[in-house]
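Please keep the sequence and the model at hand while reading.

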Amino acid sequence: MPLQTLATTLAAAERGGYAVGAFNVSDLNQTIAVLDAARAERSPVIVQAITGMSAYGDESWWWHMLRTVVESYPDVPATLHLDHGRSLQDCVGAMDHGFTSVMIDASRSTEDDEPNDFESNVAITKSVVELAHARGVSVEGELGTIGGAEAGVTGVLEEIIYADPAQAEEFVARTGVDALAVAVGTSHGSVKFTDETGGQRLRINLIAEIKNRLPETALVLHGSSSIPVNAVAAINKSGGSVTPSYGIDAAQKQAGIAQGIRKINQGTDSHLAWTAALRTELSERPSEVEPSSAIAAAMAGMSGIIRERMREFGSAGQAT
Ligand SMILES: [Zn+2]
């Protein structure tokens with residue numbers, strides 16, 4: 001089947017009462033790992049990439065190859081999505097390479113990274129929606145500020161500005177976005193909450209309140225990886241140094257899905273699994289220099305955690 005728009009993927013999720021995982025990739029092997037997981041679980045999937053974040057020097061080549069690899073899985077209902085586009089130019093670049101969905105994150109200024117005011121966010125987002133919809137591409141916007149390390153945002157554990165339900169309603173009405181990322185207590189990056197209750201901090205009532213005002217809009221959770229303890233331990237046992245922290249547990253995410261969350265970004269969890277498997281393989285076979293076994297191990301590690309997430313989100317078995 002041809003690549004799906006985000007609107008199509010999330011409309012099916014709304015009908016089925018599940019969420020679709022969105023997994024960040026920065027090279028072709030990771031892309032294959034994500035698609036293999038989707039095929040094995042018979043799950044829809046969102047493959048996403050960030051401008052300037054890949055293993056390759058030539059972004060135009062990388063995006064072309066990314067689209068080609070996703071298309072080589074015709075049995076997988078897949079959406080190719082730009083994560084955290086910062087400008088109209090970022091989004092147009094992705095559309096030119098056949099992405100079927102873009103996120104415009106105008107919640108922060110591209111100049112000083114400070115939170116943008118509401119009117120600027122509306123104006124930038126609306127300009128992307130007009131262009132994207134004319135080309136049959138879906139758009140995700142962001143309201144409020146999700147904490148942690150975002151693309152181009154270096155701060156960790158910085159303050160979260162929660163989404164305001166009335167403003168969310170106005171934002172969607174004025175911009176026409178297909179999906180809305182809402183700041184409801186999650187945080188980006190591999191170091192999330194330093195206290196155990198951090199992962200219990202999702203404001204489920206706030207999700208319900210926003211959904212109540214926006215029944216037709218798919219809500220998106222960012223920064224909601226679980227930070228599996230075993231992956232962090234495996235990385236640190238094999239020479240890594242990742243600060244242990246607490247993420248968002250599966251039950252919290254499922255409670256969010258029950259209130260209308262339809263897309264869940266899980267970049268960090270899949271990257272932790274990749275790095276843990278790669279480091280383990282390299283340290284367990286110190287004399288091996290031929291790269292294939294290490295790359296295969298990393299791919300298997302990443303596929304494994306993605307399959308787990310697809311089952312947790314209820315998207316497994318939903319490919320039709
Ligand atoms: Zn994000």
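## Metal site

Donors are N, O and S atoms within 2.8 Å of the metal (3.2 Å for Na, K and Ca), and water is not among the atoms, so sites may look incomplete. The model is a predicted one, in which local features need pLDDT of at least 70 and side-chain atom pairs pLDDT 80 or more, while totals for chains, interfaces and linings use all residues. Residues are numbered from 1 along each chain as its sequence is written, and side-chain values use heavy atoms, with hydrogens and water left out.

Along the chain the donors of the zinc ion follow the spacing H-x103-H-x33-H, and they are His 84 (NE2), His 188 (NE2) and His 222 (ND1), at 1.9 to 2.0 Å. His 84 in strand β3 and His 222 in the loop between β9 (218–221) and α8 (229–237) are 138 residues apart, a pair that links distant parts of the chain; helices (H or I, at least four residues) and strands (E, at least two) are DSSP runs, numbered from the N terminus.

## Helix pair

Helix α9 (residues 250–258) and helix α11 (residues 292–313) have axes that come within 10 Å and cross at roughly 45°, the axes being lines fitted to C-alpha atoms over the stretch in contact, with angles from 0 to 180 degrees between N-to-C directions. The two helices α9 and α11 are therefore oblique to each other, since angles under 35 degrees count as roughly parallel, over 145 as roughly antiparallel, 65 to 115 as roughly perpendicular and the rest as oblique.

In contact (heavy atoms within 4.5 Å), Ala 250, Lys 253, Gln 254 and Ile 257 of α9 meet Arg 309, Glu 312 and Phe 313 of α11.
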